[in-house]
Each structure stands twice: as C-alpha cells, then as structure tokens.
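Dear colleague,

Please find the structure below, handed over for your study.

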Amino acid sequence: MAIQGTLEDLDILDLVQFAHRCRQSGELCVSDEQREQTASLFYDQGRLLHARMGESEGIDVLVELSAWKEGSFEFRTGLASPEVSIDLDVTQA
C-alpha cells in the first residue's frame, strides 16, 4: 500500500507522526523539487528508526524537514530500514 500527497495537504509534522500513530512499517519519502532534496524516513511498526537526506542522518533530518511547507510525499510499506540513526519516540523527536 502506498500513500501519496503534498505538504500543502498535510503538514510535515503531522506527516512524520502518521506512521507512528498508525503503527506502520515502511519508508516515507518527502521531496521538495525547489530545494532539489529528498528525505527518507524509515519506520518499524510505528517506531522511527532512521532518517536520511543527502549527507545528513538522524535527528538533523527531522530538524530540517520541520521547516518544509512545500513538496510531495509517498509512504511505501514493506521497506525495511537499512540502519538505525534515531532512538527516540516520534513525539519526543
């Protein structure tokens, strides 16, 4: 199952918490064509395990994403995290 949309439809902070609230596993890809950047966030049963964007990883990616107001996203289920760079509950992060 893939879920797609834009950040104009769903605020980035709500989007990051979506997989947590729904206990989903998979990858959330968020892209901003103007910035020419794509971020990937990996979840396991709602637990955020890893975030990466370019050379950045972990909480630094979440900090940068919090400022995004435009862009598109897609959540793809069934994709496992390649590593662990975050060890916080999403609501704490």
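A residue is called buried under 20% relative accessible area, exposed over 50%, and partly exposed in between (1.4 Å probe, protein chains only). Please note that this is a predicted model, in which local features need pLDDT of at least 70 and side-chain atom pairs count only at pLDDT 80 or more, while totals for chains, interfaces and linings use all residues. Residues are numbered from 1 along each chain as its sequence is written, and side-chain values use heavy atoms, with hydrogens and water left out.

I begin with the cysteines. With a disulfide taken as a pair of cysteine sulfur atoms within 2.5 Å, the structure holds 0 disulfides. Cys 22 is in no disulfide, since the nearest cysteine sulfur, that of Cys 29, is 18 Å away. Cys 29 is buried, at 11% relative accessible area, whereas Cys 22 is partly exposed, at 40%.

I turn next to the charged side chains. A salt bridge requires a side-chain nitrogen of Lys or Arg within 4 Å of a carboxyl oxygen of Asp or Glu; by this rule there are 2 salt bridges.

One of them joins Glu 27 and Arg 76, at 3.4 Å from N to O. Glu 27 lies in strand 2 (residues 26-32) and Arg 76 in strand 6 (residues 72-77), so the pair ties together parts that are 49 residues apart in sequence. Strands here are DSSP runs (E, at least two residues), numbered from the N terminus. Glu 27 is buried, at 8% relative accessibility, and Arg 76 is partly exposed, at 30%.

In another salt bridge, Arg 35 meets Asp 32, with the closest N and O atoms 2.9 Å apart. Arg 35 is partly exposed, at 39%, while Asp 32 is buried, at 6%.

Terms used:
Helix = DSSP H or I, 4+ residues; strand = E, 2+ residues; numbered from the N terminus.
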